[in-house]
Amino acid sequence: MERAERRGIAGRGVRVGLLMACAPVLPWAALALGVALVEFLRPGGDTRLAARDLRYGGLLTGGSVLAGVLMGLVLAGALALASRVVSRPGVLTLVAALLGALVFPASFAVVAIGTDGAIAQLGTTFLAWPVMTVVAAAHGSDIAGRTRRRPWLWPSGPAQGRGPAPVTADAASEHPHPAS
């Protein structure tokens, strides 16, 4: 596999991994940071509680980004290997769904660590598991490079591994309009 194509697969996988990890976790990070702000600003607020919530917000934000990158790299690597063996798009979708279901516990672990095991946050993140499995399945063919149905996964231009078009010296292009 060409180096630029491997980089493209990894990039698409990381984008989907970030979507899968950040969508269910970042609302809890925003909530923690909002509570910290309220605790800092209200008269008689508890600065210890505010500091704890800032720490939770940082753990949730950083943890979800890290989990998303790792989830995406696992998705991309496994789908790149599977696409060499599998020729049917339906089978590739099932492989992506299975991989999505297997890597999502990383997000669950981030929420467990970042909220000290809060039941409401863990419960709603658990409910997001099948949804994120469907997200992985829906984007599996695009990650592997078999389809281009999701334009946000396919950057254009030099970022995709293509360089700029070479410039050629053309006498005709220097003077497009005849002099009058």
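## A buried serine and the core around it

Let's start with Ser107: its relative accessibility is 1%, so Ser107 counts as buried, the cut-off being under 20%. This is a predicted model, and in it Ser107 sits in helix α4. Setting aside neighbours within four places in sequence, Ser107 makes contact with Met20, Ala21, Val25, Met71 and Thr125.

Two of those partners lead us on to the largest nonpolar core. This core has 29 residues, and Met20, Met71, Leu75, Leu79, Leu92 and Ile143 are the ones that touch the most other members. Five elements, α1 (3-41), α2 (47-85), α3 (89-103), α4 (105-114) and α5 (119-144), each supply two or more residues to the core. The biggest share comes from α2, which gives eight residues.

| Residue | In contact with |
|---|---|
| Leu75 | Val16, Met20, Ala96, Leu99, Gly100, Val103 and Ala136 |
| Ser107 | Met20, Ala21, Val25, Met71 and Thr125 |

Now for helix α3. With 15 residues at 1.5 Å a residue, α3 should span 21 Å, and the distance of 21 Å between its end C-alpha atoms agrees. Which residues of α3 are buried? They are Leu92, Ala96, Ala97, Leu99, Gly100 and Val103. Viewed down the axis of α3, these buried residues fall within an arc of 165 degrees, so they line one face of the helix. An α-helix has 3.6 residues a turn, so residues three or four places apart point the same way. On the face of α3 turned away from the buried side you will find the exposed residues Leu94, Leu98 and Leu102.

Note on methods:
Residues are numbered from 1 along each chain as its sequence is written. This is a predicted model: local features need pLDDT of at least 70, side-chain atom pairs count only at pLDDT 80 or more; totals for chains, interfaces and linings use all residues. Side-chain values use heavy atoms; hydrogens and water are left out. A nonpolar core is a set of buried Ala, Val, Leu, Ile, Met, Phe, Trp, Tyr and Cys residues joined through side-chain atoms within 4.5 Å. Buried means under 20% relative accessible area, exposed over 50%, partly exposed in between (1.4 Å probe, protein chains only). Helices (H or I, at least four residues) and strands (E, at least two) are DSSP runs, numbered from the N terminus. Contact means heavy atoms within 4.5 Å. The expected span of a helix is 1.5 Å times one less than its number of residues. The arc is that of the directions from the helix axis to the C-beta atoms.
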